[in-house]
Number of protein chains: 2
Amino acid sequence: MSRIDETHDPKRRSWVASANGHPDFPIQNLPLGVFSPPGGAPRAGAAIGDRILDLLALLAAGLLGGEAARAVEATADGTLNGLLALGAGPRRALRTQLSALLAEGSAARGRAEPCLHAAADCALHLPARIGDYTDFYVGIHHATNVGRVFRPDNPLLPNYKHVPIGYHGRASSVVPSGTPVRRPNGQRKLPSEAGPSFGPSRNLDYELELGIWIGPGNALGEPIPVGAAAEHVAGFCLLNDWSARDIQAWEYQPLGPFLAKSFASTISPWVITPEALAPFRTAQPPRPAGDPAPLPYLWDAADQGEGALDLELEVLLATPGLREQGLPPHRLALSSARHMYWTVAQMVAHHSSNGCNLRPGDLLGSGTISAPDPEGCGSLLETTRGWTEPLRLASGEERRALEDGDEVVLLARARRAGFAGIGFGACRGTVLPARGG
Amino acid sequence: MSRIDETHDPKRRSWVASANGHPDFPIQNLPLGVFSPPGGAPRAGAAIGDRILDLLALLAAGLLGGEAARAVEATADGTLNGLLALGAGPRRALRTQLSALLAEGSAARGRAEPCLHAAADCALHLPARIGDYTDFYVGIHHATNVGRVFRPDNPLLPNYKHVPIGYHGRASSVVPSGTPVRRPNGQRKLPSEAGPSFGPSRNLDYELELGIWIGPGNALGEPIPVGAAAEHVAGFCLLNDWSARDIQAWEYQPLGPFLAKSFASTISPWVITPEALAPFRTAQPPRPAGDPAPLPYLWDAADQGEGALDLELEVLLATPGLREQGLPPHRLALSSARHMYWTVAQMVAHHSSNGCNLRPGDLLGSGTISAPDPEGCGSLLETTRGWTEPLRLASGEERRALEDGDEVVLLARARRAGFAGIGFGACRGTVLPARGG
């Protein structure tokens, strides 16, 4: 599945000068998304340096052919759903042709250049209509840390190492990076309070997650075997699964989180393709001694060999105080996608194992990915050990939970010797005061 | 909200003879749906007796005007989403014009008659693209019965009477009545077993629920007040939330049901409008003494006065044995929508109270609605008291959980003296053997 070809060549440079050495979008990345140029309608694009390439314009200019043309034609409705549905073949053909068109020395430069827009002038949208959004819980250090707060006696439940735990999330409130996030009102009840009250969440948190875009998917009743799951993964993004912990603690029994999550989930707008991430595939870390082996429907040797991603994940916090004092954002966490107890293929196979149909443009979340060390906690619930140990910032501010005006930024970077590094682009959101609060 | 007008007149009869005295679809009902006539594409229709009226054909014949025409124009994409989005005005105008057109003595009969199809010849589809499906848990007798099985010591959790408990369901696997339901495979572990195994569910169950179709809905961040919630309810259906109880018991901690539910949820295909149900509105039953009052954001006097539905709910089971012996289906349950601890308006207000956006065509489930008596249990888990007391059928068969070949049929009927009774049409599904099982 991890095919390395000329599009990964670290020596390949682009005639789009800003792409060369770009931390996120060098010519080796070429992520796909949906953008609007100034005054224009939403349309499919590819990020290259600080520019966005209009794919339909490129098609109209006669610069794409064969499978790549078919991939772009499938975006005519202003979403990537149709392209994601086509699977790896057309997606890879598009990557190959875009890479050649954008490479230094391309004869097509003159005709391609008018199809570029300055990214800073464009609005970025959700890349696809999300049919269903499912959130998993595969970050084992997060599950353990959180379990310790809610259930000190048995942090990790007996099913955790057997079942890739997940639940249905809310698709309607998934928003693209940059959308402000209004602090939710809701019912919350402190253990010290006699009864619940309704008002602004007092424990607003973020969650650092990897998002997974589903490609072709499966028909109802026809599970995807774990060995075929990679064919149904069309790309990746960052996901901030904002969480109102006080609402969550009061509502979550017995059916799980609901309004604690459904007020907003922010994603980075670029779909980072499996092809771009091919150099950063790695073996799934071996399970600790004593852990049960996955059941056969979750086990595939090739997936274990290269189904994990060597991807650095970072969280930054910018507060009003830090901004006013001209101080840089505070790093909340440095983690890695290697801390996933289950692979993406295992998540897909489990999700469809009961016959549930996954559709092109469905979104999976990994669950919060925390590193085992205190500097790698992917949520404030963990960092502050259940709100008991406040964070002290260089501005003199303290934080337990997020406050109004705080901005959370998630970042992802893939690096490997002998390859050009790529990034996901930022996933950011700023907290607005609660309505009527 | 409960406006009674000439469309409810019990003396009004239709020139579609089968409508007069029809248990579900007399001229006083006029539910909306999406159907395909033989060889034709999906399109909007209204049920009248044993016929379906093609609404776009009626429009093309020049038989609809004003707001009613606008309502039907909004279905041009072959779904009701656009119509549901318009709210009560156009929906009511359509009802008024359809009722007049179909009434005995209508001068338009000759031109309307070619727009009718025999329902038996048509396929019925989902009436709308379901953006998100949310399942509530407002049947208090069900919650108590189930809680007793899973948590004998505290069947009803402390939040139940404060929070309309709900969770996100799976939209992709909602199917229309008549679609066969394949028994899911999944992980399950009996307490007596050392570890989990993967295979066909051994405790397949049904759940008797009311479905609610969302109309206009709200923008992200703008809650719907409980007093305005009825404007956002566009209709009702029956919902069988099939449940694999063994998978559920093993997977549901800590994030709630997932694969135990997402293999299929069956709905009755006709959208029964709030207008058709207006005569059957009733006061929400008073809370038992000692129960907490709802928080203000969930309390509206008008809603308490007429926000409940007097709707009889019935479940029938047809087994291979009953069919072979020519015996009628076994009645599994007789219940009523009056056994909802929260009103639909309270569910809508709660759902959006954190700013979560509801969209036209979203589907809410009530949760299982059991009556307090043993003959009113809305799931086999309850009827058999946790699989311990098998059901004996007239065929000599026994049932704890559902077996392959069993058909479950949900029915709903509204009756009130002085009004024509209406029904929802059946919500049926037959269990197929597990894949590879």
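## Domains of chain A

Domain bounds are taken from an automatic or database domain assignment. In this predicted model, chain A is divided into domain 1 (6-124) and domain 2 (133-432). The C-alpha centres of domain 1 of chain A and domain 2 of chain A are 28 Å apart.

Local features need pLDDT of at least 70 and side-chain atom pairs count only at pLDDT 80 or more, while totals for chains, interfaces and linings use all residues. Residues are numbered from 1 along each chain as its sequence is written, chains are lettered from A in the order in which they are written, and side-chain values use heavy atoms, without hydrogens and water.

## Domain interface

In domain 1 of chain A, 26 residues are in contact (heavy atoms within 4.5 Å) with 28 residues of domain 2 of chain A. The area buried between domain 1 of chain A and domain 2 of chain A is about 2100 Å², with 64% from carbon and sulfur atoms; buried area is the accessible area (1.4 Å probe) that two parts lose on being put together, summed over both. Leu84(A), Arg91(A) and Leu124(A) supply 28% of the area that domain 1 of chain A buries against domain 2 of chain A, more than any other three residues.

Two salt bridges (a side-chain nitrogen of Lys or Arg within 4 Å of a carboxyl oxygen of Asp or Glu) are found across this interface. Arg91(A) also forms a salt bridge with Glu275(A), at 2.8 Å from N to O.
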